[in-house]
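Keep the model open while you read.

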Amino acid sequence: MKGISKKIICVGLSMLMISSTVCAAKKKGKKDDPFASVKKAKDAKGKVWDLGGMDVILADWWSGDDWDARPASSPIEEAQQQWHKWTQAAYNYNMVQKQLTGSWDSHPQAVANFCITGGRENYIFTIDARSALTGLRSDLFYDLSKLDCIDFTASKWASGTEKMLVKGSSFYAMRPLVPEPRGGVFFNKRLLAEAGIDEDMPYDLQKEGKWTWETFEQLVAKCTYDTDNDGVIDAWGMANSSTEFVPLAAISNGMPMIGKDANGKFVNNVGTDQVLEALSWSAHMATTYEMPQPEGSEWNWMYAAFLNGKVAFLADQEYHAQRNGTFADMSDDWGFVCFPLGPKGDGKYRTLHNDNMYVIPNCYDDERASKIAKAFDFWTDEVPGFGGPDAWKESYYSCFRDTRAVDETLEIMKATPCPRYDTLVPDINYMGDVIWVTYPGYVTPQQAYEDTKNSWAGLLADANR
């Protein structure tokens with residue numbers, strides 16, 4: 001828990017500012033209006049925006065019916081809830097965040113159905129790669145470049161998202177949030193200490209620019225040993241989902257498995273020296289240091305292995321650290337660093353951003369789409385009192401066991417966004433065709449590339465139409 005107290009003080013001061021504003025407002029007769037001094041947005045004629053009491057639904061696949069009423073887990077969440085109430089009252093609209101169907105599996109089809117048939121509801125859909133390219137091809141999403149009520153050059157809009165779904169000068173997806181940190185490496189501090197390694201060494205190596213494939217393997221090797229001298233290894237260095245480890249290895253070595261060329265066309269990079277080397281190294285790490293899958297276990301056995309202190313390292317996504325996440329109540333202390341640097345990379349730690357995107361159905365007319373977009377713009381504005389370049393960190397501090405994961409690791413991930421394209425191309429089985437056969441050493445990387453390059457060429461050509 002090193003360094004947490006300093007952050008609590010900073011967050012406490014921010015909340016004190018808002019509480020003071022509330023008190024001041026009450027003294028002036030403006031009860032329960034902590035944002036009374038905020039200037040309301042005006043249109044081109046100088047009138048304050050009035051959205052006419054319209055109801056807007058921010059639809060996803062995870063938010064229950066009580067999502068907006070859930071208890072705040074941090075000061076910034078509490079302030080954000082207050083801000084949402086204020087903006088709805090100030091601009092005369094109502095917004096709720098909830099599940100579209102209650103199912104991850106059925107969400108893409110439900111999105112497509114509404115975009116085609118329309119309806120009375122005013123939706124902003126959260127989508128992922130499953131809906132992205134097919135929705136773009138089928139003209140299901142509204143052209144956001146037509147909106148003159150939103151400045152998409154403002155810092156709150158993630159510019160990488162605008163590049164994901166594009167036709168000519170038009171774009172169809174937006175994201176008013178900092179990119180999610182996504183993939184890195186979790187490490188068990190107790191197991192490192194038992195192997196004679198300083199528990200903060202991964203952080204220190206990362207900070208010094210020495211967190212590389214080589215130093216990572218050195219630490220993993222020290223954590224893989226026979227504890228009782230019976231000739232059988234019973235302490236393992238790592239356990240991973242191959243579909244998380246391998247793409248991170250490729251981008252850390254300077255090349256994503258699927259990329260885009262200068263013309264914005266998808267390209268197959270599996271046959272490049274960088275990706276072939278990453279596939280070979282990943283197989284070496286897996287077959288040498290990875291804990292064998294327990295007999296009868298499910299596909300997600302590696303998470304239980306890390307949670308229960310059976311392995312020292314796990315390469316996976318940051319969301320396992322979030323409240324109610326996989327490792328929220330883990331008994332052992334743990335840390336989180338970037339994936340190590342590959343020998344052919346550019347010396348910068350990388351992660352693959354695979355962010356959810358937000359779209360407006362194309363079945364709405366321009367006026368309706370504009371009002372829905374503006375409501376979303378107000379809803380996602382920066383909360384007064386929590387501005388500044390580090391405001392995004394506040395919601396993460398409560399998720400991690402130390403502040404270095406946020407101030408160092410997540411800070412790096414935020415600064416080096418790399419969009420993940422392999423999940424965008426329909427029908428490319430990058431897992432079964434490449435990862436699942438090379439990671440356990442069933443076939444060589446070169447053979448996997450040769451076996452799939454022709455079929456992939458057709459799929460990429462179709463995606464590039």
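Predicted model: local features only at pLDDT ≥ 70, side-chain atom pairs only at ≥ 80, totals over all residues.

A pair of aromatic rings is described by the distance of the centres and the angle of the planes. Here are two of the pairs:

| Pair | Centre to centre | Angle between planes | Type |
|---|---|---|---|
| F186 and W334 | 5.7 Å | 65 degrees | edge-to-face |
| F216 and F313 | 5.5 Å | 85 degrees | edge-to-face |

Start with F186 and W334. F186 belongs to strand β6 (residues 183–188) and W334 to strand β11 (residues 334–337), so this pair ties together parts that are 148 residues apart in sequence. Are these two residues buried or exposed? Both F186 and W334 are buried.

Now hop over to F216 and F313. The planes of their rings are at 85 degrees, and over 60 counts as edge-to-face, so that's the label this pair gets. F216 is part of helix α8 (residues 213–222), while F313 is part of strand β10 (residues 311–317), so the pair links parts 97 residues apart in sequence. F216 has 1% relative accessibility, so it counts as buried. F313 has 0% relative accessibility, so F313 counts as buried too.

Last stop: R130. Which rings does R130 lie over? R130 lies over the face of W104, at 3.6 Å from the ring centre, and over the face of W61, at 5.6 Å from the ring centre.

Definitions and conventions
Residues numbered from 1 in each chain as written. Heavy atoms only, no water. Phe/Tyr/Trp six-rings, centres within 6.5 Å; stacked < 30°, edge-to-face > 60°. Helix = DSSP H or I, 4+ residues; strand = E, 2+ residues; numbered from the N terminus. Buried < 20%, exposed > 50% of the residue type's maximum accessible area, 1.4 Å probe, protein only. Lys NZ or Arg CZ within 6 Å of the ring centre and 35° of its normal.
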